[in-house]
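Open the model in a viewer and keep the selection panel at hand. The stops below go from aromatic rings to surface charge.

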Amino acid sequence: MKNLGEDRNGKTLGGENDMSMEWFNRVASELQEQLESICEEYDKRGHMSINKASKHPRMEFFVETEEEEREYFFTLHFDPYNEEFYEESFDTVLHQPIRIMLDDITDIMEIIHESFHEFMEEDDADYYDLEEGYEVLDDEITLEEIDVEWETPEVTAFQIDDKIEVTYQFGIDSANGDGVLRRVNRIWTEDSEYFEDESNFSFKKEEGSTIIAMIASHLDQMVGYEEIINE
């Protein structure tokens with residue numbers, strides 16, 4: 001009999017292990033039934049899609065715009081070998097992506113609900129601002145609409161609760177295939193005032209590797225938020 005190997009929990013691994021997907025299918029079924037009961041607003045706007053084709057299957061949560069485009073607000077990943085759900089984030093100390101493990105369906109429901117409301121609390125005008133580019137001609141500012149397909153949810157790069165939050169999101173400009181990097185800086189003052197600053201950066205495919213290399217080679221010379229705050 002061929003040795004299929006074992007994972008860290010001692011479970012036999014195969015090309016496609018139905019047993020390893022049992023937890024994924026169970027949670028997917030539970031979420032389909034229960035998410036609409038989270039709140040009335042989610043029932044009206046929230047949607048979920050399931051992707052089992054990738055090495056790590058995932059569930060993606062989104063709302064649809066008036067143009068019938070999808071705006072994703074959360075992605076739930078699944079490690080079939082260890083039967084674990086997780087959320088992808090970014091460690092600002094190690095400067096690398098990390099996984100936040102979600103141990104049970106209650107944790108999963110809570111984080112989806114929270115992510116949904118954080119997404120919906122943004123001013124509706126913000127969406128249209130993201131779809132607009134600015135071009136200066138003869139001292140006049142004209143608006144050029146951009147159709148961006150967001151490939152990732154917002155990823156938190158840095159956060160201090162109730163003080164500051166910096167997130168990034170990557171998408172593709174449908175008109176010309178440019179990469180679009182969206183940065184959102186949210187600040188809460190001691191007087192409970194809230195400020196939000198958004199910016200978009202577009203670049204071609206050939207530029208991507210150059211940008212990454214330049215940043216990586218000079219990262220250790222840069223000053224981080226924590227160093228500024230602790231001064």
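Begin with the aromatic side chains: a search of the whole structure of this predicted model finds twelve aromatic pairs.

F62 sits in strand 2 (residues 58-64) and Y72 in strand 3 (residues 70-79), so the pair links distant parts of the chain, ten residues apart. Buried or exposed: which applies to F62 and Y72? Both F62 and Y72 are buried.

Next, select F73 and F119. This aromatic pair is tilted as well, with 6.0 Å centre to centre and 35° between the planes. Because F73 belongs to strand 3 and F119 to helix 3, the pair ties together parts that are 46 residues apart in sequence. F73 has a relative accessible area of 9%; the cut-off for buried is under 20%, so F73 counts as buried.

For the last stop, turn to the surface and colour by charge. Select E41, D103, D104, E110, E114, E118 and E121, which gather in a patch of negative charge there. Which element supplies the largest share of the negative patch? Helix 3 (residues 105-120) does, with three residues.

Key
Residues are numbered from 1 along each chain as its sequence is written. This is a predicted model: local features need pLDDT of at least 70, side-chain atom pairs count only at pLDDT 80 or more; totals for chains, interfaces and linings use all residues. Side-chain values use heavy atoms; hydrogens and water are left out. Patches are made of residues with over 30% relative accessible area and no salt bridge: like charges are joined within 9 Å, nonpolar side chains (Val, Leu, Ile, Met, Phe, Trp, Tyr) within 5 Å. Accessible areas come from the Shrake-Rupley method with a 1.4 Å probe; for residues, only the protein chains shown count as cover. A salt bridge is a side-chain nitrogen of Lys or Arg within 4 Å of a carboxyl oxygen of Asp or Glu. Lys and Arg count as positive and Asp and Glu as negative; His and the chain ends are not counted. The place of a charge is taken as NZ of Lys, CZ of Arg, CG of Asp or CD of Glu. Helices (H or I, at least four residues) and strands (E, at least two) are DSSP runs, numbered from the N terminus. Rings of Phe, Tyr and Trp (its six-membered ring) pair if their centres lie within 6.5 Å; planes under 30 degrees apart count as stacked, over 60 as edge-to-face and the rest as tilted. Buried means under 20% relative accessible area, exposed over 50%, partly exposed in between (1.4 Å probe, protein chains only).
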